Amino acid sequence: MGRERDAIRVTGSNMILTIYAALLLWRIDCVVESTKVVKSNMWHQTTSPLIRVGPTASLRDSEPDFIGPIENVTVALGREAVLTCSVSDLGDYKVAWIRADDQTILTLHTRLVTHSSRYAVTNDSPRSWQLHIRPLKVEDRGCYMCQINTSTMKKQIGCVDVLVPPNIVDEGTSGDLVAREGQDVSLSCRADGRPLPRILWRREDGTNIQLRNEVGELRKVDMFMGPNLNLTKVERRQMGAYLCIASNDVPPSVSKRIMLNVNFPPSIVVATKVIGVPTGSHTRLECYIESFPQSINYWLKGGEEMILAGDKFDIVEERTTAYQTRIALTISDFETEDSGTYTCVSTNTIGKAEGTIRLYEIKITTTTTTTTTTTTTTTTTTTTTTTPPPTTTEYFESRYVVPLQPAEQKFYTPDVTTYDTMQNVIEQSVLDNNWLPTAESAATRVKQPLSLPIFLSILMLPYLKYTILTSFLLATVLRKYLNLIIQGTR
């Protein structure tokens, strides 16, 4: 009995050991299978997606192939670029788009792999796979691969070129400039873009650009091409705003405004240097000033007394261009004490200039001429008395105004530094009153009335022929009557 019990115990222990060993082996097998799965997953993650997807070549009779090359595209910045990959007989194989320079997987078949929303893939037809990139950025410029996951990987490459509109770069581009008249000035403009922009210069006001060649000859052009605009011996007429315009056929073009100021001392031009003014009238004095920077302008009387605006004087200052100004002084109710020298003065930080105008008074005299006409009374033997008309007196008032002519006339032309001068001479006889008429000359201008005999003769002219005929007949009859008397006496 004891041996049987021992045998049963040994047998039970062996069974437990066998079960335990079986469980242990099963556990080990599970661990090994788990390790294989992990290794398999790791292998799939470190290999190309095209190698681990799709069937093997042994399962198909033929492999897919590309129908044609991928066309390169050139697109402006911000637009959409589309690359098309055409594949025939694809079957269960997969198509992927990969960036060529860094091997970044963008799409796999119809699924977007990259996290950027600017990429998309479409499959409009079974043979066509399009990669869309929008909006296009500068960093999208480069090449892209279309791959098929065959046993021997097949691929094609298409490239995208990004056109960039022009942009003016502050570094290397001139700002606003200030120069002295006669100096050399250079305006620079730099721009980037793809393709490289062209630089064009224009004047903002539309006037011509004045350039000098190596000989110093001046020529005028509407525009100038090039990054540097060189102005030799700059003049005041070249002052103003210049536009640097950059363009490369990719809209929009851009421009920058560069202001050129030319400093020079004031210069004054007086239109009329000597003016005669009638007493009691108004007169206007004008000076034309060119200066930059802007000058301070005022009037002096007699070279010392500053004139202020008021009831007697009115001062107007008008700026016509960036460097041209017209100032005017109006004198009301001209009097003798207003005669003299008037000076317009202009001064700025560079210099000072003066212009002088001389005024003299022209006195206006009123002359009254009286003409008296007397008519006498005539009495005839026919006892006919005619009363003469009353004595009449006529008054004629004459007022003479002397036309004024300036002693010197200068025609002001803003764009020309020289001026044409016209010299007129004022006759001294005007001041001596030699133009006044005499009493005799005035009397000759008066229409004299007719005398009474002449007036009666004019009235009797229509009846004169009848009077003569009657007198002739009367004389004939009288002569015959006398002859009859004489014959009767005999």
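Analyst: A disulfide is counted where two cysteine sulfur atoms lie within 2.5 Å. In this structure, Cys189 and Cys244 form such a pair, with their sulfur atoms 1.7 Å apart. Please note that the model is predicted: local features need pLDDT of at least 70, side-chain atom pairs count only at pLDDT 80 or more, and totals for chains, interfaces and linings use all residues. Residues are numbered from 1 along each chain as its sequence is written, and side-chain values use heavy atoms, with hydrogens and water left out.

User: What is the handedness of the disulfide of Cys189 and Cys244?

Analyst: The torsion about the S-S bond is about -65 degrees, so the link of Cys189 and Cys244 is left-handed. This pair connects distant parts of the chain, 55 residues apart: Cys189 lies in the loop between strand 12 (185-188) and strand 13 (190-194), and Cys244 belongs to strand 19 (residues 240-247). Helices (H or I, at least four residues) and strands (E, at least two) are DSSP runs, numbered from the N terminus.

User: Are Cys189 and Cys244 buried or exposed?

Analyst: Buried means under 20% relative accessible area, exposed over 50%, and partly exposed in between, with a 1.4 Å probe and protein chains only. Cys189 is buried at 1%, and Cys244 is buried at 0%.

User: How many disulfides does the whole structure hold, and what pattern do they follow?

Analyst: In general, a disulfide is a covalent bond between the sulfur atoms of two cysteines. A search of the whole structure finds four. With bonded cysteines counted along the chain, the pattern is 1-3, 2-4, 5-6, 7-8. One of the disulfides joins Cys85 to Cys146, with an S to S distance of 2.1 Å. The torsion of -80 degrees about its S-S bond goes with a left-handed link between Cys85 and Cys146. Cys85 is in strand 3 (residues 81-88) and Cys146 in strand 9 (residues 142-148), 61 residues apart. Cys85 is buried at 0% relative accessibility, and Cys146 is buried with a value of 0%.

User: Which cysteine does Cys143 pair with?

Analyst: Cys143 forms a disulfide with Cys159, their sulfur atoms 1.9 Å apart. The link of Cys143 and Cys159 is right-handed, with 80 degrees about the S-S bond. Cys143 sits in strand 9 and Cys159 in strand 10 (residues 154-169), 16 residues apart. Cys143 is partly exposed at 28%, as is Cys159 at 23%.

User: In what order do the four strands of the open sheet lie?

Analyst: Two strands pair if DSSP finds at least two bridges between them. Here the order is 1-3-8-7, with antiparallel pairing. Strand 1 (65-66) and strand 7 (119-125) are the edge strands, each pairing on one side only. Two bridges join strand 1 to strand 3; Asp65 has Ser88 in strand 3 as its bridge partner.

User: Which residues make the nonpolar surface patch?

Analyst: Patches are made of residues with over 30% relative accessible area and no salt bridge; like charges are joined within 9 Å, and nonpolar side chains (Val, Leu, Ile, Met, Phe, Trp, Tyr) within 5 Å. A salt bridge is a side-chain nitrogen of Lys or Arg within 4 Å of a carboxyl oxygen of Asp or Glu. Ile454, Ile458, Leu461, Leu464 and Ile468 make a nonpolar patch of about 480 Å². Accessible areas come from the Shrake-Rupley method with a 1.4 Å probe; for residues, only the protein chains shown count as cover. Helix 3 (452-460) and helix 4 (464-489) each supply at least two residues of the patch. Ile454, placed in helix 3, is partly exposed at 45%.
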